Amino acid sequence: MPAVTGFWARLRVAQRLARRQVRRAPGAGLLVAALVALPVAALTASATFWQSQQPTPQQRVTLQLGQAQSWLGPGAGSPDMRQYVDAPNMLYRVSTPRTTAVHVQDPVSAAIPASARTLPVSEYASAVVSAPNGPARVDAVVGDVWDPLLAGRYLVLGGRAPAAPDEAMASPGLLALLHARLGDEVVLPTTGEPVTITGLLRRADVSPDHAVLFLPPTAAGAAGADPTVWYVADWQPSFGDLDALNDRGIVAYARDLVLDPPPDARLSSSDGAGGAFWTIAATAAAAAVFGGYLTVLLAGAALSVSSRRQQRTLAVAASVGAGRADLFRVILLQGSVLGAGGGVAGLLVGVAAAAAVLAMTDDGVAGSVLHGNWGFRIPWALLAAILLFAVVAGTCAAIAPARAASRGDTIAALRGARRPGRVDARRPVWGLALLLGGLALTLGGGALLAAVEAASRSPEITAEVASALRIVAQWMIVLGPVVLQVGVLIAGHWILSQCARPLARLGLASRLASRDAAAHPSRVVPAFAAIAGCVFLAAFALSATAVTAAGAARAYISTTPIGSLTVTVWAEEPDRLPALLARARGMLAETDPVATVLVQQPADGTYEPTTGDPTDPDLPLFRVGSATADPGCGFSCAADRSLTIVAATDLDAFLGESVPADARDVFRDGGALVLDRALVSGQGTIRIDRWRAADLTEYGRTGTTTHAPQEELTVPAATLTLPHRSDSTVLISPETAERIGAQPVPSMLVATYDEPPAAEVVDRLQADAEVLAASGEAGIGVWLERGPTAPDPWLWLMTAVAAVLVVGVSGVCLGLARFERRPDDATLAAVGGEPRLRRRVNAWQALVIVGLGSVTGTVAGTLPMLGVAIGSGGYLSGADSPWGWLATLAILFPLGVAAASWLVPPRRPDLTRRQVIS
């Protein structure tokens, strides 16, 4: 080989050798390129999809205004609140408010010049229509939205515009709900009058499947639907007009101000209100960092295997004058070349995938991520950055293999000898220090957060200091698991060597597998580090979801038992309540409940609509007093808990729990059943205060009262603890209410079921109730108590995603292990090793690599939520961690991968290409 001098000349030679080595080992090159291409494709598809979801300024304005010049609507009404120019419904506070008088709400029409053409629309009304299965409540829009002025905001899909008060337009979803066609009549039960559907219409950013009725402003069914927005055809406010409009309780969206905002205009996208962009950017950056981390680890492991296969070639180059720097560049450039190739492939795949997804999800709904887009757009600048990311990732993945290859023994490499890796004496110390330091950081951050929360309730610490300490504690909690994983990565070879000793005693297969892992740290350590990273994210997500869901469930306040259907009744005239109750019982009877419970409240009186004064000032009102209150401090010491009146025979059904016999006896004998122990005194009694309606009215207006309760009643109490908090904290029987002088008034009926009623049943009952409430003098309300949201679907989803990642990463790692172990398999076969032995070796190798990664990742992912729970002040508890799901990550995943590795038969050994092991 002629002497090569000069950096660029040596670089060209290294690049030529790198290209040739890539071509000589196409399998390893394709693997590395594929590992780089996967995150690149995901990032490219995400970036292209995101760019296609971003409207141009003109598209954004057309969606808001159609062809109008501006719209005005009710909004800001405070002197220190102002609207954003491009987002009128988002407000910000100003430090120097205007001193002009503020009108709570001026008529919007008064702010528009009389000569301007306006189109008032009520966009958020509702209507009840007669559907085949009974009355159904649907959204309604009242106004001439089919006018060409709003073309672009509203889309006419067919038919014609209404020409009479008894005509309307409908969305395709409404016609499907009603099983109707154009020209059919739709009855509005609230008015009893039919309207004829003359055309199809939808708003551009609303799915056509959404049921919407479009009524003209003159329709009888539109009575009482006040306009919520005024579209103006030929006028728009100037920038200087916005402050005056905001002071009058009006917000505005003007075409010219949005398309060409003044220099001092406040825009939501640049003032923190556009935080969604930064959230997406931060999420994408985190995903890119994690994807790059996995790519560097896995591609580095593949390149380390490939570089060891090249040891003879590199030794030949070294023997003819190539220095260590030249050998380093050869391997490093291989990573760069493969990274660039994988990057280009990933870009092409990602763009194609984004185009396909956009085409499949495009239902023409503007501004909807899953049902529409603004046109296929490629973010060229982002794609260039992603390609650079691919090259950098491939180059970084080759650093460790290049360093190892440049430090090899040339003579040993020429004769094909392979030596096991040696443990660096310093690495275990540093790794152990980082491991313990990460653990201490997380737990110390949780303890600091708990101390700050406790100290913040006292004046000894300022708000600024408390905020700074919280930030420090949060960073400690976040960085702790990262430091722990870095420690495990640094001490990985030492950990493998220590694990090999006990595993060697379990049999020949475990001995061979563990020693092979300890002998090849450059392949195995990145493998279990990559698995640990995937499991870490899964463990953290599972812990965060389960712990926060459990905390929310404990704090959830239910009105009635979970899964029960509640019907409330009210009437301005008490004489109408019996008829309403009968109607409500009939509605519930159709749902076939297991039990129906009548719930009553003590009479709360009636009040003058203009003054708010009680019509009967001496009416007795009852409130639950605090058990620790000073009797002389008045109503301000009371718990202000009202009484719930339920028959003793209905307790179990109303509470959803079996009431113990002793508590039921206390309740029957004139006592109270209390669900909040803090209300019960040390003597086992509860205090019920009787007040005059006028005294409580005074307290409600001023926050204080000079009056004392008319009487303080002491009632025996029995306590009961429910799995969750209840809105009804003190229950008494109708007999007890009569004894203390409380007049029971029906408030609701509660129906319980073995299985909650279907959603369509609840919708139908709610529509019936809305028809009844149209008079405004009496009404029925219907709702289903669903309880706190169960996290199980999310836990299953996250575990499935983690399983896919772990299986994918394990497949790459174990495939590399099998590839590099071919000479060892040939040696085993030559000395009589059976295929069963090699199967067991493969299984044990999977168990070692995946087991170490899964256990490390699970521990690291569980720590942050334990730290957060420590500092949550009792709201969250580490005991709520999903231990079963975490055990799946730490134990079942390795066992499953090991079983799969055992099932995949080993390749037939090549007995003619064995190498010497020295």
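**Entry 1: a buried arginine**

I opened this predicted model at Arg153, which is buried, with a relative accessible area of 5%. I wanted to know which residue it pairs with, and I found a salt bridge to Glu123, the closest N and O atoms being 3.2 Å apart. Glu123 sits in strand β4 and Arg153 in the loop between β5 and β6, so this pair ties together parts that are 30 residues apart in sequence. I checked Glu123 too: it is buried as well, at 9% relative accessible area, and the cut-off for that word is under 20%.

**Entry 2: other salt bridges**

How many salt bridges does the structure hold? I have 10 in my notes. One of them joins the side chains of Arg117 and Asp147, at 2.6 Å from N to O. Arg117 belongs to the loop between β3 (91-93) and β4 (118-131), and Asp147 to the loop between β5 (134-142) and β6 (154-159), so here too the link spans 30 residues of sequence.

Arg690 is in strand β19 (residues 685-692) and Glu711 in strand β20 (residues 711-719), so I logged the pair as a link between distant parts of the chain, 21 residues apart. Both ends are partly exposed: Arg690 has a relative accessibility of 24%, and Glu711 has a relative accessible area of 31%.

**Entry 3: the chain as a whole**

I stepped back for an overview. The protein chain has 918 residues, of which 46% are buried. Its secondary structure comes to 27 helices and 24 strands. I also looked at contacts with a separation of 6 or more, and residues 24 or more positions apart account for 81% of them.

Next I went to the inside. In soluble globular proteins, nonpolar side chains tend to be buried together. The largest nonpolar core here has 54 residues, and the members touching the most others are Leu496, Phe528, Ile531, Val806, Val809, Ile849 and Leu889. Which helix gives the most to this core? I found helix α17 (residues 521-555), with 13 residues.

Leaving out residues up to four places away in sequence, Ile849 touches Val524, Ala527, Phe528, Ile531 and Leu814. I made a note of another core as well, lying apart from the largest one: it has 23 residues, including Ala136, Ala170, Leu175 and Leu200.

**Entry 4: two helix pairs**

I started with α17 and its partner α14 (residues 463-490). Their axes come within 10 Å and cross at roughly 160°. Angles over 145 degrees count as roughly antiparallel, so I wrote the α14 and α17 pair down as that. The crossing of α14 past α17 is right-handed. For the residues at this meeting, I listed Pro481, Gln485, Val488 and Leu489 from α14, and Val525, Phe528, Ala529, Ala532, Gly533 and Phe536 from α17. Phe528 was already in my notes, as one of the residues that touch the most other members of the largest core.

The second pair is helix α15 (residues 492-503) with helix α26 (residues 835-870). They pack at an angle of about 135°, and their axes are 12 Å apart. I therefore recorded α15 and α26 as oblique to each other. This crossing is right-handed too. On the α15 side I found Ile495, Leu496, Cys499 and Leu503, which meet Trp844, Val848 and Leu852 in α26.

**Entry 5: positive phi angles**

Last, I looked at the backbone. Which residue other than glycine has a positive phi near 55°? I noted Asp592, which lies in the loop between α18 (577-589) and β15 (595-602). Asp592 is exposed, with a relative accessible area of 64%.

His179 has a positive phi of about 55° although it is not a glycine. I placed His179 in the loop between α4 (172-178) and β8 (185-188). His179 counts as exposed, at 64% relative accessibility.

Technical notes:
Residues numbered from 1 in each chain as written. Predicted model: local features only at pLDDT ≥ 70, side-chain atom pairs only at ≥ 80, totals over all residues. Heavy atoms only, no water. Salt bridge = Lys/Arg side-chain N within 4 Å of Asp/Glu carboxyl O. Helix = DSSP H or I, 4+ residues; strand = E, 2+ residues; numbered from the N terminus. Buried < 20%, exposed > 50% of the residue type's maximum accessible area, 1.4 Å probe, protein only. Core = buried A, V, L, I, M, F, W, Y, C linked by side-chain atoms within 4.5 Å. Contact = heavy atoms within 4.5 Å. Axes fitted to C-alpha atoms, helices over the stretch in contact; angles between N-to-C directions. Parallel < 35°, antiparallel > 145°, perpendicular 65-115°, else oblique. Left-handed = near helix turned anticlockwise from the far one by under 90°.
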